[in-house]
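Open the model in your viewer and keep the sequence panel beside it. The stops below tell you what to select and what to look for.

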Amino acid sequence: MCSKCSTTAAPSALSRRDFLKLSGAGVAGVFAIGVMGSGKVLAQGTLSSEFQTAADKYGVPVELLMALGYTNARWETPPVETGDYEPGDLHGMGGYGIMALKQDPATNTLGRASELTGIPEADLKANRAANIEGGAAVLADIQGTTKPSDINGWYDATAKFGEGDLFANQVYETLQDGASRETGSGENVTLAPQPAAEPRQFYTAQAASDQYPGSTWYGAHANNFQYASRPPTIDRIVVHVTQGSWSSAINWFKDGRAFVSAHYTIRSSDGFIGQSVREDDIGYHCRDWNYRSIGIEHEGYVSDRSWFTDAMYRSSAKLSAYLCKKYNIPIDRTHIVGHNEVPGNDHTDPGNYWDWTRYINLVKEYAGTASAPRPNTYSQVVDNRTAGRFRVSSRWVTSTYSAQRYGSNYRVLKKPSRTTGNAKFKIKVPSAGRYVVQARWPAVDGYNTATTFMIRTANGWVRRQVDQSKNGGRWVSLGAHNLAAGDGWWVQVSSKSPRQGYIIADAVRIVKR
Ligand SMILES: [Zn+2]
């Protein structure tokens with residue numbers, strides 16, 4: 001059982017004990033002294049009073065502290081172990097308590113909070129009032145000696161506190177909109193809208209035209225995914241819960257130390273979608289099924305159902321419907337799964353509060369079908385390294401020169417020749433019909449600009465000429481052709497060319513649509 005994605009809705013033993021300690025009749029201890037000493041106690045032991053106390057003590061606007069706490073954790077203390085930094089764990093980005101105090105190799109706001117407040121780290125992690133005080137102390141420290149009266153004067157400090165403008169904008173949008181909820185302990189907490197708060201405009205690229213049009217691009221660090229050329233292997237969608245704020249997840253995927261990423265991340269408040277990894281590349285989000293799946297993160301904690309909003313379900317389902325139609329993924333619980341259902345992992349997300357029936361029904365609704373879309377499709381990739389399916393003479397030498405290659409290497413005929421013989425790919429056609437035939441090659445200046453592919457169709461051989469100095473590293477269509485059923489050497493790269501330049505044989509693919 002993984003501690004990161006616990007489904008328990010109850011506070012951890014430590015935080016429950018501390019909660020009882022603080023809210024009971026015998027309020028005592030270092031935090032309570034601070035509360036009583038402030039002289040502005042609203043209701044002792046309540047969340048509202050804890051925010052007010054910390055705000056007064058460190059000269060931070062109480063509205064800003066509340067917006068931080070709402071953005072990070074919806075004012076609900078997550079299980080302490082959720083905050084532990086775990087390299088290589090999708091949900092191990094860390095951040096303790098309502099204020100998301102961090103402790104990882106690059107950031108130590110938890111330790112800084114302890115220095116500034118004198119409160120031990122263990123208490124800052126587990127005790128709500130201490131955590132809020134620690135957050136206020138760090139924010140005030142970042143802001144410096146000048147404490148602006150205008151809430152917008154705190155924007156840069158907020159950004160620094162939360163590692164970037166993305167986070168600060170989430171906080172300032174919360175300030176603008178206000179927030180209200182009944183916490184798990186039964187307290188009604190309200191942050192009134194602050195119309196003066198101004199999130200900043202900053203420009204982000206749209207996703208590429210062949211990716212989900214409803215997403216915005218926040219590309220992950222190259223350490224955190226693998227360049228690939230999928231499909232054909234995409235046949236699963238994996239549903240995750242971030243265990244942190246939307247911006248903290250996006251920032252985590254941008255961090256070269258994370259070694260994790262999901263393709264898409266959905267924001268709770270409005271269903272806004274950030275894309276971190278292209279669909280054809282392999283995200284590092286569920287280990288064993290990374291190669292075959294697309295990962296969708298959902299902002300929130302498995303321990304708190306309030307994150308799973310209607311806007312989030314609908315936005316995510318629309319994205320899943322798009323992916324299912326695009327990659328012919330059947331819309332069912334075999335192909336759309338939770339992280340907890342991926343073989344060989346110990347995560348529990350999305351957890352018991354995720355409504356699978358609702359989600360799958362919405363995906364079907366958006367896809368416009370109640371059944372699997374066109375299941376009788378077929379595709380096959382044959383690489384120059386595929387056993388028993390590639391044949392070539394030794395005049396075609398092996399090369400790893402270009403990173404655009406498919407698989408580990410490719411074959412090169414340095415001089416076009418009438419006698420060397422073709423590079424031959426053996427393809428399997430399960431049933432007669434119309435197939436799209438595609439080819440890939442790495443493109444390098446000087447590679448042959450008139451390479452001929454030969455395709456054996458039901459009506460005989462056809463030729464397609466391509467420029468191998470262009471369009472490298474992606475599938476290039478050689479047209480749709482009627483193919484007869486069978487298994488044979490039916491796609492070939494000719495050793496002949498009217499022009500000089502290296503002729504490349506790398507990979508071919510057939511797809512039935
Ligand atoms: Zn997960």
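**First stop: a helix**

Select residues 47-58, which form helix α3. Helices (H or I, at least four residues) and strands (E, at least two) are DSSP runs, numbered from the N terminus. Helix α3 has 12 residues and reaches 17 Å from its first C-alpha to its last, close to the 16 Å expected at 1.5 Å a residue. The expected span is 1.5 Å times one less than the number of residues.

This is a predicted model, in which local features need pLDDT of at least 70 and side-chain atom pairs count only at pLDDT 80 or more, while totals for chains, interfaces and linings use all residues. Residues are numbered from 1 along each chain as its sequence is written.

Which residues of α3 are buried? They are Leu47, Glu50, Phe51, Gln52, Thr53, Ala54, Ala55 and Tyr58. A residue is buried if 20 or more other C-beta atoms lie within 10 Å of its own, exposed if 12 or fewer, and partly exposed in between, with C-beta atoms placed from the backbone. Now select Gly59, which follows α3 and has a positive phi, near 70 degrees.

Go to Ala100, in the loop between α4 (62-73) and α5 (109-117). Ala100 is not a glycine, yet its phi is positive, about 50 degrees. Ala100 is buried, with 27 other C-beta atoms within 10 Å.

Next, select Phe259, in the loop between α10 (246-254) and β6 (264-266). Its phi is also positive, near 60 degrees. Is Phe259 buried or partly exposed? Phe259 counts as partly exposed because it has 15 C-beta neighbours inside 10 Å.

Then find Pro350, in the loop between β10 (336-338) and α12 (356-367). A cis peptide bond joins Asp349 and Pro350, with omega about 15 degrees.

**The cores**

Select Leu65, Ala136 and Val363, the residues with the most contacts inside the largest nonpolar core, which has 91 residues. A nonpolar core is a set of buried Ala, Val, Leu, Ile, Met, Phe, Trp, Tyr and Cys residues joined through C-beta atoms within 7 Å. This core draws at least three residues from each of domain 1 (13-191) and domain 2 (215-367); the domain bounds come from an automatic or database domain assignment. Apart from it lies another core, of 31 residues, among them Tyr410, Val429, Trp441 and Phe453.

Stay with Val363 for its contacts. Leaving out residues up to four places away in sequence, Val363 touches Ala317, Ser320, Ala321, Cys324, Ile331 and Ile336. Two residues are in contact if their C-beta atoms, placed from the backbone, lie within 7 Å.

**Strands**

Which strands form the open sheet of 4? In order, they are β11-β22-β16-β19, and the pairing is antiparallel. At the edges are β11 (378-383) and β19 (476-483), each pairing on one side only. Two strands pair if DSSP finds at least two bridges between them. β11 and β22 (residues 507-512) are antiparallel over 6 bridges, and Asp383 stands opposite Ala507 in β22.

Move on to β15 (residues 423-429) and β20 (residues 486-493), which pair in the antiparallel sense over 6 bridges. Lys428 stands opposite Asp487 in β20. Strand β17 (residues 451-457) is joined to β20 by 3 bridges, also antiparallel. Here Met454 stands opposite Gln492 in β20.

**Last stop: the whole chain**

Zoom out. The protein chain has 12 helices and 22 strands, and buried residues make up 47% of its 513 residues.
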